[in-house]
Amino acid sequence: MSDTTPREGSRLGPYLLGRRHPDSDPALGHIYEAHHTETGAPALVLVPDPATPWAPRASWSVRALSEVSPPFLAVEVDRTPGATTQALHELTLLHMRLSGAMACVEDREDTATFLSRAPRAAPRPLPRCRALSVGLAVLGGMALGVGLLLLWLQSHSPTVAALDSRTVQTVAGEPVNWVDVAADTQPGIGYPLPSTPIKGQQKPPCLEGTAVEINGGCWVQLKQDAPCPRSTAEYQGKCYMPVRNPPPEPRSLQP
C-alpha cells in the first residue's frame, strides 16, 4: 500500500479524483469527489489513510438501489470474487465502510449538490454484440449474488436468533456484543470501531492491564486479528469488544 494519499486529478480504477473532503475521518480514510471516466457519473471514493491502513481483501462490483414506492432496497451484483463466505464478508465490510464515509458528509449541502449533478458526458454506446455479452454477464452475476445472499442468511440466522436480548446497540448496522471484564465472554462480521464511545460503554479510566482507551471508550482487545468475528470492532488490523458500564451497586433500604 502506498504511504501517500492520492492527489486531485489522480485516477483510481475507473474514477478520476476531484477535491478531498475536509470532513474525512482518518479512521475510515479520505473521501474524494470523483467522476467515472467512461460514464461521467459523479461518485464518492474512499481511500485508506496511510497512518491507519486497511485494504479490501476481495474485489466486488455492486449497485445499490433504494425505491420509495413500492418501498425496497436492493444490491445488484456486477462482479463477484467467488462464492465464498469470506468474499461475502468483504462485501459486508464494503458497505459498512462506505456507510461510515457517507455519515461524515451527509450534512454537507455541497456534497448533496455534487452527487445530484448530471453525468459530465453521455456513456459511449456499446457494439450490439458486446452489449449482449455484457447484459448476459450482469444477469449471471445477479443470479450468483442472490444465491450468495440466500446462503449467507441461512447460515447466519441461528446466530442472529441466539444473540443476547441486551444486544440492542448497533454500529453501521451491526449488533454490538458487550464484554464484562469480570466474567469469561466468548466473542460472538466485524464493524469499524466508531470514532466516539457507544451508548452504555465504559469511559476512562479503564481497567489497567485488561482494557485500553480508544476514541474515548474502553475496549478489550481479542487475540484474533482481522478479519474480525461478527459483532466485534475492527481497528488498525486488531479486533476489539466494548466494555459495558458496570451496573450500579445495590442499595439496601433502611426500615
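Where does A226 lie? In this predicted model, A226 sits in the loop that runs between β11 (217-225) and β12 (233-235).

View 1. A226 is partly exposed, as its relative accessible area comes to 23%. Leaving aside residues up to four places away in sequence, A226 touches E234, G237 and C239. Y240 is 14 residues from A226 in sequence, and the two C-alpha atoms are 9.9 Å apart in space.

**View 2. The disulfide between C228 and C239.** Here's a link that involves one of the contacts of A226, namely C239. The S to S distance is 2.1 Å. C228 lies in the loop between β11 and β12, while C239 belongs to strand β13 (residues 238-242), so the bond ties together parts that are 11 residues apart in sequence. Are these two cysteines buried or exposed? C228 is buried, at a relative accessible area of 5%, and C239 counts as buried too, at 0%.

**View 3. The disulfide between C206 and C218.** The sulfurs of C206 and C218 are 2.0 Å apart. This link is left-handed, with -90° about the S-S bond. C206 is in the loop between β9 (191-192) and β10 (212-214) and C218 is in strand β11, so the pair ties together parts that are 12 residues apart in sequence. C206 has 18% relative accessibility and still counts as buried, because the cut-off for buried is under 20%. C218, at 1%, counts as buried as well.

**View 4. Both disulfides together.** How many disulfides does the structure hold? There are two. Number the bonded cysteines in sequence order and the pairing reads 1-2, 3-4. As a reminder, a disulfide is a covalent bond between the sulfur atoms of two cysteines.

**View 5. Helix α1, from residue 85 to residue 105.** Buried residues of α1 include A87, L88, H89, E90, L91, T92 and L93. Further along α1, M96, R97, G100, A101 and V105 are buried as well. An α-helix has 3.6 residues a turn, so residues three or four places apart point the same way.

Notes
Residues are numbered from 1 along each chain as its sequence is written. This is a predicted model: local features need pLDDT of at least 70, side-chain atom pairs count only at pLDDT 80 or more; totals for chains, interfaces and linings use all residues. Side-chain values use heavy atoms; hydrogens and water are left out. Helices (H or I, at least four residues) and strands (E, at least two) are DSSP runs, numbered from the N terminus. The expected span of a helix is 1.5 Å times one less than its number of residues. Buried means under 20% relative accessible area, exposed over 50%, partly exposed in between (1.4 Å probe, protein chains only). Contact means heavy atoms within 4.5 Å. A disulfide is a pair of cysteine sulfur atoms within 2.5 Å.
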